[in-house]
2 protein chains.
Amino acid sequence: MGHGGGGMLSAELVRDVFAPAFGGEHLAQLGDSAVLDLGGARIAFSTDTYVVRPLFFPGGSIGDLAVNGTVNDLAMSGAVPAYLSCGFVLEEGVDLDTVARIAEALGAAARRAGVEVVTGDTKVVESGHGDGVYVNTSGVGLVAPGVDIRPQRARPGDVVIVSGPVGVHGIAVMSVREGLEFGVEISSDCAPLGDLVRVLLAAVPDVHVLRDPTRGGLAAALNEIAAAAGVGVTVEERAVPVPAEVANACAILGLDPWYVANEGKLVAFVPPEHADAALAALRAHPLGAQAAVIGACTDQHPGMVVARTGLGGTRVVDLPLGEQLPRIC
Amino acid sequence: MGHGGGGMLSAELVRDVFAPAFGGEHLAQLGDSAVLDLGGARIAFSTDTYVVRPLFFPGGSIGDLAVNGTVNDLAMSGAVPAYLSCGFVLEEGVDLDTVARIAEALGAAARRAGVEVVTGDTKVVESGHGDGVYVNTSGVGLVAPGVDIRPQRARPGDVVIVSGPVGVHGIAVMSVREGLEFGVEISSDCAPLGDLVRVLLAAVPDVHVLRDPTRGGLAAALNEIAAAAGVGVTVEERAVPVPAEVANACAILGLDPWYVANEGKLVAFVPPEHADAALAALRAHPLGAQAAVIGACTDQHPGMVVARTGLGGTRVVDLPLGEQLPRIC
């Protein structure tokens, strides 16, 4: 299971198996989406398969995730998401009403995100060879001239901003899957980030890196950026917004909220002189109201993420080995 | 199972569930790929999930299919295929050597087809919730100005050409899956059609319709075109190339070769005045050496496909209800 968890085993699979087999310069970009030239247009292109369990959870469904996950991968390249494809794998015997509810959620999420589902495919596999419904979406979007957002562009001095509290989506799915009750219902904050990115880029065109901390959470996202750019990242532990109910649930479950998946949050690396403008732009948007500066890039400890604890100490924030929460997206 | 078979149940699922939920003008085009404007470029966009069983078969593998299937969907819009995404769903416990062999086949097929795999995703599901490996690929390509190829453009008088013998791929997969022996090994003719389409369009820019007869075979492809354009299609039964070994295998299995899936063949509808040029262009290419005129479009029996038998009679060629051969692509 660890090979799909977005952690170290996932990275090894890509590095050792897929990258050598596929070759090519674009795959090596390692961004959430590839930015390509096609007929003179700069397009972003991304894909994700959604295997979340259960299919419906507080605050959303696999249909919402399938739109927002791919839309957000495009937005993390600075693209304006435009079109989605949609491929269903249905397990024989799945209730067609369930499929219809997912399709409706997917359609509604697409309209909210301002994208159009333009092409699709459906396959059916025998009972026992699927898990109800898997959904793949791929997306294309348009990248404005001059925008160059990718992990490799992180620079020492960059200010690290997160757009809001982390860990909510993962805990929402986990709680309903495991039948856990934490006193309050935790609802997924799954959301499309295209508009938030548009507003951010209007204020600060020279954003260096954007990343949505999905599988592997904030910890994996920061580690991937540190490794790709060869910079260190220092995080002020107390600055990272973690809602009390997420912190409580994580304490009960023995999880670290920094490793819990999000879908509807972003991490931005911006030059220090633009940090205030970036923070103000994010906070002026409903999806970034609780944005916070959580740290900075440094030329110390390249490739490594270090947290400064409340007591003044430091600890290394590792890339997760496998995954804490399987099948969360 | 029938809902994924490319026949009537598939069409109902799209018409009754997906199309109303997703809305939008492009989905209604019902082509193998959508043709879109993005930043001034005309791009084709398509997706397919591959659940073929077994993963390796004579003449190919799921890796070859995952490239050629999506590349061919793009080519059927007259696009020059350019970039692919690739999403793997791995079943926990699958042999990593198997994954590596598939990835290598996929990479080699991409190089043969002249496309680049630029973005990817891997998910792992628990043992018993998958079937080894499922692969989704989506693709984008560029459509030249003036090219307008889609099912709705079929016109009475159009000549119907098939690029070679039908039924080979489906029977190749079926024979190894069921452990059948037909005296000779039947090897899949799975191939990328981008170059064949390029050559065809260079000779005859005004091709009306292209379709690769995959799930549901030749019969489904012709029915879909007849329904989309509101024209009748008449097929000369004896003109349809069916290799003797495919005919024999079908006779043993009780299948009709016109309903067996292909991957590496195309059907073209061309204006009658360009039929000779189209046939010559196809035959001059290795992948179209056995191209044949198999029929024509008519204003008689709109929406219906009629075969003229060798004895001078006629029979209706129905859209298949479900599928003859599940999980063939």
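How many disulfides are there over all chains? The count comes to zero, where a disulfide is a pair of cysteine sulfur atoms within 2.5 Å. Welcome to this predicted model, in which local features need pLDDT of at least 70, side-chain atom pairs count only at pLDDT 80 or more, and totals for chains, interfaces and linings use all residues. Residues are numbered from 1 along each chain as its sequence is written, chains are lettered from A and ligands numbered from 1 in the order in which they are written, and side-chain values use heavy atoms, leaving out hydrogens and water.

**Cysteines**

- The sulfur of Cys86(A) has its closest cysteine sulfur in Cys190(A), and because 15 Å lies between them they are too far apart for a bond.
- Cys86(A) is buried, with a relative accessible area of 2%; buried means under 20%, exposed over 50% and partly exposed in between, using a 1.4 Å probe and protein chains only.
- Cys250(B) is buried too, at a relative accessible area of 1%.

**Strands around β2 of chain B**

- Strand β2(B) covers residues 41–50, and nine of its ten residues are buried; strands (E, at least two residues) and helices (H or I, at least four) are DSSP runs numbered from the N terminus.
- Strand β1(B), residues 34–38, runs antiparallel to β2(B) and is joined to it by five bridges; two strands pair if DSSP finds at least two bridges between them.
- Leu38(B) has Ala41(B) in β2(B) as its bridge partner.
- Two residues lie between β1(B) and β2(B) in their hairpin, and Gly39(B) in the turn has a positive phi of about 60 degrees.
- β2(B) is also joined by eight bridges to the antiparallel strand β7(B), residues 133–143, where Ser138(B) stands opposite Thr47(B).

**Helix packing in chain B**

- Helices α4(B) (residues 168–177) and α7(B) (residues 244–253) pack at about 55 degrees with axes 10 Å apart; axes are lines fitted to C-alpha atoms over the stretch in contact, and angles run from 0 to 180 degrees between N-to-C directions.
- That angle makes α4(B) oblique to α7(B), as angles under 35 degrees count as roughly parallel, over 145 as roughly antiparallel, 65 to 115 as roughly perpendicular and the rest as oblique.
- Val168(B), Ile171(B) and Met174(B) of α4(B) meet residues of α7(B) including Cys250(B), with contact meaning heavy atoms within 4.5 Å.

**Helix packing in chain A**

- The axes of α2(A) (residues 62–75) and α3(A) (residues 96–113) come within 7 Å and cross at roughly 35 degrees.
- Among the residues making this contact are Val67(A) of α2(A) and Leu106(A) of α3(A).
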